[in-house]
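Please keep the sequence and the 3D view at hand while reading.

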Amino acid sequence: MMDLSKNQIIRMFNVYKAYGKTSALRDISLEIYAGEIVFITGASGAGKSTLLKLFYKGELASQGQILVDGMNLARMGARKLPELRRRIGVIFQDFKLIAGRTVFDNVALPLEAAGEKPKIIEKKVMSVLRTAGIEDKAKVYPPSLSGGEQQRVAVARAVVGSPSLILADEPTASLDPHSAEQVIQLLETFHGRGATLVIATHNRRMISRLKGREIRLENGSIQERLHGSDREMEEA
Ligand code: ADP
């Protein structure tokens, strides 16, 4: 059999997740390929956030196996967690920037955590802020920015370490349409530079613009795969 494992950035086998008595995900098996754009859709409470959290070990699966970039999350020791996190950039609906750090220092965080030299940090942070169109905001603090600008800072922070995987949880849900558009364009830019995108969203505009594959959740189960079924047919 041909070894496709190098092309799969995420593999999940029969994964369940419960919070106490609440079942959030049931028997999820899926594969996401390097370079793909995948949308996770479904009603509120369907399990979208939980699924994203499992990928970066923000939550642990109750059952089943998850491989991310070749790392087996259940077997992986705590010492490997920083390495996993370096390979993944995460974007949240509510930005999660640190109010007491400047835009520059927020974006620099992942590089500082990775032990990069100050000169490299300066170069990479300014470069990504330029791409995001907010280099003039480097020295200001997040609370003085608009929501759209804050989200672009958050995208910059997520991508500054050149992660192979970018996870975004409702990244445009609290933005006006124009700001949402800018964030979508920015995600498209970084996808063009080689990152795999997994985005939980209700934004149909984004889904049609970025032309990704859609995985729809319903009550914690995969309901259907609307696109990308050709690949599954080929493999069958
Ligand atoms: P979505 O992102 O699609 O809105 P979630 O993954 O947030 O869905 O939630 C899936 C289910 O898990 C819901 O029933 C939700 O109430 C429950 N849930 C999510 N997080 C927790 C938590 N930390 N503790 C208890 N229940 C949770």
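A residue is called buried when its relative accessible area is under 20%, exposed when it is over 50%, and partly exposed in between, with a 1.4 Å probe and protein chains only. Helices (H or I, at least four residues) and strands (E, at least two) are DSSP runs, numbered from the N terminus. The model is predicted, so local features need pLDDT of at least 70 and side-chain atom pairs count only at pLDDT 80 or more, while totals for chains, interfaces and linings use all residues. Residues are numbered from 1 along each chain as its sequence is written, and side-chain values use heavy atoms, with hydrogens and water left out.

**Helix H1**

- Helix H1 covers residues 48–55 and is mostly covered, with 6 of its 8 residues buried.
- The buried residues of H1 are Lys-48, Thr-50, Leu-51, Leu-52, Leu-54 and Phe-55.
- Just after H1, Lys-57 has a positive phi of about 60°.

**Helix H4**

- Helix H4 runs over residues 118–131, and its 14 residues should span 20 Å at 1.5 Å a residue; the end C-alpha atoms are 20 Å apart, which agrees. The expected span is 1.5 Å times one less than the number of residues.
- Within H4, Ile-121, Val-125, Met-126, Val-128 and Leu-129 are buried. Seen down the axis of H4, these buried residues fall within an arc of 165°, so they line one face of the helix. The arc is that of the directions from the helix axis to the C-beta atoms.
- The buried residues of H4 pack against helix H3 (103–113), helix H5 (147–159) and helix H6 (177–192). Contact here means heavy atoms within 4.5 Å.
- On the face of H4 turned away from its buried side are the exposed residues Lys-119 and Lys-123.

**The largest pocket**

- The largest pocket has a volume of about 590 Å³. On a 1 Å grid over the protein atoms alone, a pocket is an open set of points with protein on both sides within 12 Å along at least five of seven lines, whereas a cavity is a set of points where a 1.4 Å probe fits but cannot get out; lining residues have an atom within 4 Å of a point. Grid points are joined across faces, edges and corners, and a volume is the space filled by probe spheres set on the points.
- The largest pocket is lined by 20 residues, and Arg-85, Arg-86, Ile-88, Pro-110 and Arg-157 lie nearest its centre.
- Helix H2 (81–86), strand S6 (88–91), H3 and H5 each supply at least two lining residues, and H3 gives the most, with 4 residues.

**Individual residues in strands and a loop**

- Asn-72 lies in strand S5 (residues 71–72) and counts as buried at 14% relative accessibility. Leaving aside neighbours within four places in sequence, Asn-72 is in contact with Gln-65, Ile-66 and Leu-67.
- Ile-215 belongs to strand S9 (residues 213–218) and, at 0% relative accessibility, counts as buried. Ile-215 and Thr-41 are 174 residues apart in sequence and 6.2 Å apart in space, C-alpha to C-alpha.
- Most residues other than glycine have a negative phi. Asn-14, in strand S1 (residues 8–19), has a positive phi near 45°, and at 43% relative accessibility Asn-14 counts as partly exposed.
- Glu-170 sits in the loop between strand S7 (165–169) and H6. Phi of Glu-170 is positive, near 50°, and Glu-170 is buried, with a relative accessible area of 11%.
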